[in-house]
Amino acid sequence: MPLPWTGSLPLMLAPMQGLTNRGLRQVYGEHVKPDVLFTEFVRVRPGAAQPVAASDFTEATTAVPGIPLVVQVIGCADDGVVEATAELVAAGVQHINVNMGCPWGRMTSVLAGGGMFRAPETVAPMLRKLRKLVPGSLSVKTRTGIDDERQIFDVLPAFADSGIDFLVVHSRTVDQKYRGQANHALTAEIVEALGLPVIANGDVRSAEDARAVLAQTGAAGLMLGRGALADPHLFARIRGTAPTQPTSDQRKADLAALWRDILDHYVELFAGDAQVLAKFGSLVRHVDDPALKRWIKPMKKAKRVAQLREALGR
Ligand SMILES: Cc1cc2nc3c(=O)[nH]c(=O)nc-3n(C[C@H](O)[C@H](O)[C@H](O)COP(=O)(O)O)c2cc1C
């Protein structure tokens, strides 16, 4: 089956709920060119006439020209995910990724997201059904277990036997949420054991981190999440086409340029100042760089879009 990338060492923008909507994807796609983009997770409504909600459907079918879009589904290991995938594929979606990592709320008390580790025997049957439907790549994005990071080794055979094309590993357990560090020594063991392309994810914040993770794990590529929010040009730094150690003034100028564009998209996509401010706020809150704190503070406190524009320098 076709992978969603060509060449070696693909750099992917991670799916991030509330953040990687089509507006942000468009701007990242135009200006920093990740090799692959992912949607936020698409929720599944089993048994509904339309298993994918209209807003999720629009997200899943809006790609940036020239950059493969992988649509991520999350749901119980039952026919809901299969029905939703059928609906998405009928609308032209090529690449599907199943979320087996989400650590939050309802997703983990049922057998969805990271909760699927509670019923590993359901994984292969679901993936086999999806394999028959998906014309492009089928992949899984996973954490390493619920409370034991070696649980992943119980499901690797299910991944290998059900015809997925690649696996994205965020080497933390579900219980860990975002505490501690991703365990890339474990990623290396998974790369070794699986025999399929593995994309390493977790705590890559600089070109140096990227080099270290690739050397340690032998992964086929990297997925960048929070690091790519704090420094969108991280893709170029890893590719060697932008300075690896930018000054804080440079990072501020880069962010300002990108954020102005994202804000324009958000004003078009979301209704009213309150929604735009909420969406934009969750983006700026992911930048924890002390050198940019004073610049970002008024954006966090803005009550109107006009105040955001002023803080961004126009
Ligand atoms: C705000 C936020 C939302 C996220 N939403 C999703 C999601 O929808 N699907 C998913 O698989 N992972 C989601 N993640 C996890 C990221 O894709 C990624 O695995 C994690 O942040 C670790 O990578 P990083 O250290 O590069 O950020 C989310 C992470 C954050 C911070």
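**Figure 1. Crossing of helix 6 and helix 7.** The crossing of helix 6 with helix 7 is right-handed; a crossing is called right-handed if the near helix is turned clockwise from the far one by less than a right angle, and left-handed if anticlockwise. The axes of helix 6 (residues 152-161) and helix 7 (residues 184-194) come within 10 Å and cross at roughly 35 degrees. Axes here are lines fitted to C-alpha atoms, for helices over the stretch in contact, with angles from 0 to 180 degrees between N-to-C directions. Helix 6 contributes I152, F153, L156, F159 and A160 to the contact, and helix 7 contributes I190, A193 and L194. Two residues are in contact if their C-beta atoms, placed from the backbone, lie within 7 Å. By class, these residues are eight nonpolar, no polar and no charged. Ala, Val, Leu, Ile, Met, Phe, Trp, Tyr, Cys and Pro count as nonpolar, Asp, Glu, Lys and Arg as charged, and the others, Gly among them, as polar. The model is predicted: local features need pLDDT of at least 70, side-chain atom pairs count only at pLDDT 80 or more, and totals for chains, interfaces and linings use all residues. Residues are numbered from 1 along each chain as its sequence is written.

**Figure 2. The protein chain as a whole.** The secondary structure comprises 14 helices and nine strands, where helices (H or I, at least four residues) and strands (E, at least two) are DSSP runs numbered from the N terminus. The radius of gyration of the protein chain is 19 Å, close to the 20 Å that the globule rule gives for 314 residues, so the chain is as compact as a globular protein of that length. That radius is taken over C-alpha atoms, and the globule rule is 2.2 Å times the number of residues to the power 0.38. The C-alpha trace spans about 55 × 45 × 35 Å along its principal axes. Of the 314 residues, 44% are buried; a residue is buried if 20 or more other C-beta atoms lie within 10 Å of its own, exposed if 12 or fewer, and partly exposed in between, with C-beta atoms placed from the backbone. Among contacts between residues at least 6 apart in sequence, 69% join residues at least 24 apart.

**Figure 3. The shell around the ligand.** The ligand is surrounded by 22 residues, of which A14, M16, Q17, G225 and R226 are the closest. The shell is made up of eight nonpolar, 10 polar and four charged residues.

Figure 4. Most residues other than glycine have a negative phi. L9, although not a glycine, has a positive phi of about 50 degrees. The segment before strand 1 (11-13) holds L9, which is partly exposed, with 15 other C-beta atoms within 10 Å. D203 also has a positive phi, near 65 degrees. The loop between strand 8 (198-201) and helix 8 contains D203, and this residue counts as partly exposed with 19 C-beta neighbours inside 10 Å.

**Figure 5. A124 in helix 5.** A124 belongs to helix 5 (residues 123-133). Leaving aside residues up to four places away in sequence, A124 touches A158, D161 and S162. A124 counts as partly exposed, with 18 C-beta neighbours inside 10 Å. The C-alpha atoms of A124 and E83 are separated by 17 Å, and the two residues are 41 residues apart along the chain.

Figure 6. A212 lies in helix 8 (residues 207-217) and is partly exposed, with 13 other C-beta atoms within 10 Å. Between the C-alpha atoms of A212 and H184, 28 residues apart along the chain, the separation is 9.6 Å. R309 sits in helix 14 (residues 305-311) and is partly exposed, with 15 other C-beta atoms within 10 Å. R309 and M299 are 8.9 Å apart in space, C-alpha to C-alpha, and 10 residues apart in sequence.

**Figure 7. D154 in helix 6.** D154 is part of helix 6 and counts as partly exposed, with 14 C-beta neighbours inside 10 Å.

Notes
Near = placed C-beta within 6 Å.
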